[in-house]
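Please keep the sequence and the coordinates at hand while reading.

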Amino acid sequence: MSFDMPIYHQPDFSKEMFVDAPDAVYAPVKQDGVVPDNYHSTSMYPEYFKINGKWKLAEESRMDSCVILRDDGRLDVVEPRNVKIGDQVILGRSERCEDGIYMHCHGFESEEERIDDQFVFRQGRSRETSYARDYDKLFELLKYEKAHGGKIVWVMGPAFAFDADARNAMSALIDNGYAQAVMAGNALATHDLEGAYLHTALGQDIYTQRSVPNGHYNHLDVCNKVRESGSIEQFIKDQNLNDGIICSCVRNHVPIVLAGSIRDDGPLPEVIGDVYEAAAAMRDQLRDCTTVICLATMLHTIATGNMTPSFRVLKDGTVRPVYFYAVDADEFVVNKLTDRGSLSATTVVTNVQDFITLVAKGLNVI
């Protein structure tokens, strides 16, 4: 089995609906951080705007943002809070050419791939779903991304750090080039470093799962030690650590974005406490991603889904899909993602420790 990248089919702009459509309308921002009334809010799909009689693709789209027409004709997608006085924001709430705006939801489908039957018995993804085909496709996708210079971003909750096999599997994936960025919170990094330093996570031995005396102090002591060292990288050097997820990221120069939470202990020095700065740092890593895999973290998964488009325009102008996976033991979490409109996500309902071990084995890195 090999991976075949889907071909993108742009709209047929010779059709009457496109030819007869008006140019998109725009209005200036009059106050920093406040968009004009009736502004157009973007989606994760490719969206085209008719500018001076020609349809143009907004190349960096994402959910719940606005589109700014620059003086040079470029279309920038910007969060409403980041607009500046004088920015020309495109207006219109329709998406089928009425306002010079068109949302292209089926660009990666050929006509024969579309299902005509409006009733499909199994539309959701549950524990009863067979995931064998999903795993096979994921293995081939990750091999393709590695071979073709794709960017694989992993978004992780702390559950990984509690299991030795999961830590080893994720570490092996990073060491073998299957991760170009990791996004998480303070907990994942703290407990993974706790595993490397003290062989526990939340005070339980990561191998036997037995609680150790005064183990509830362990992650607090790790936070304190890292802060004493001044950075995660220096702490790893100071303590001569070499196992686990964070050590692998540092060793392979894989960027780590740690978004803070109001409940964080410590936190570690690299944790970004300002939520908007954290979102911007996450967005920077997602800007050129091609595959995103979110594991056991509902809020980070939904936030990442909102920031991630369903497509990417490559340097040569080729449009390709962005693959998005959401993995969680709770069906509610993965359903929450699709309920919010991230319909291009592949969801897998399973224990993430088992998932990552299967992926590592499927890619022959362990």
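The account begins with helix α6, which spans residues 232–239 and has Ile232, Phe235 and Ile236 as its buried residues. Viewed down the axis of α6, these buried residues fall within an arc of 100 degrees, so they line one face of the helix. Their packing partners are α4 (186–198), α5 (218–229), α7 (245–251) and β12 (256–259). Just after α6, Asn240 adopts a positive phi of about 55 degrees. The model discussed here is a predicted one.

Two packed helices are described by the angle between their axes and the distance between the axes. For α5 and α6, the axes come within 8 Å and cross at roughly 100 degrees. Because angles of 65 to 115 degrees count as roughly perpendicular, α5 is roughly perpendicular to α6. On the α5 side, Val222, Lys225, Val226 and Ser229 take part, and they meet Ile232, Gln234, Phe235 and Asp238 in α6. Sorted by class, this contact of α5 with α6 comprises 4 nonpolar, 2 polar and 2 charged residues.

From α4, the contact draws on Thr190, His191, Leu193, Glu194, Tyr197 and Leu198, while α5 supplies Asn218, His219, Val222, Cys223, Lys225 and Val226. By class, the contact of α4 with α5 holds 6 nonpolar, 4 polar and 2 charged residues.

His199, in the loop between α4 and β10 (200–201), has a positive phi of about 65 degrees although it is not a glycine. With a relative accessibility of 39%, His199 counts as partly exposed. Asn214 lies in the loop between β11 (204–205) and α5, and it too is a non-glycine residue with a positive phi, here of about 60 degrees. Asn214 is exposed, its relative accessible area being 52%. In the loop between β12 and α8 (275–286) lies Pro267. Gly266 and Pro267 are joined by a cis peptide bond, with omega at about -10 degrees.

Attention now turns to another helix pair. Helix α2 (residues 132–147) and helix α11 (residues 352–362) have axes that come within 10 Å and cross at roughly 60 degrees. That angle makes α2 oblique to α11. The crossing in which α2 passes α11 is right-handed. Tyr135, Leu138, Phe139, Leu142 and Lys143 in α2 meet Phe355, Leu358, Val359 and Gly362 in α11. The class composition of this contact of α2 with α11 is 7 nonpolar, 1 polar and 1 charged residues.

Phe355 of α11 meets α2, and Phe355 is also in contact with Val327. Val327 is found in strand β16 (residues 323–328). At 2% relative accessibility, Val327 counts as buried. Leaving aside neighbours within four places in sequence, Val327 is in contact with Cys294, Leu295, Ala296, Val348, Thr350, Val352 and Phe355. Val327 and Ile293 are 34 residues apart in sequence, yet their C-alpha atoms are 7.7 Å apart in space.

Beyond its neighbours within four places in sequence, Thr297 is in contact with Val155, Met156, Gly157 and Asp328. Helix α9 itself is mostly covered, with 7 of its 10 residues buried. These buried residues of α9 are His300, Thr301, Ile302, Thr304, Gly305, Asn306 and Met307.

Definitions and conventions: Residues are numbered from 1 along each chain as its sequence is written. This is a predicted model: local features need pLDDT of at least 70, side-chain atom pairs count only at pLDDT 80 or more; totals for chains, interfaces and linings use all residues. Side-chain values use heavy atoms; hydrogens and water are left out. Contact means heavy atoms within 4.5 Å. Axes are lines fitted to C-alpha atoms, for helices over the stretch in contact, and angles run from 0 to 180 degrees between N-to-C directions. Helices (H or I, at least four residues) and strands (E, at least two) are DSSP runs, numbered from the N terminus. Angles under 35 degrees count as roughly parallel, over 145 as roughly antiparallel, 65 to 115 as roughly perpendicular and the rest as oblique. A crossing is left-handed if the near helix is turned anticlockwise from the far one by less than a right angle, and right-handed if clockwise. Ala, Val, Leu, Ile, Met, Phe, Trp, Tyr, Cys and Pro count as nonpolar, Asp, Glu, Lys and Arg as charged, and the others, Gly among them, as polar. Buried means under 20% relative accessible area, exposed over 50%, partly exposed in between (1.4 Å probe, protein chains only). The arc is that of the directions from the helix axis to the C-beta atoms.
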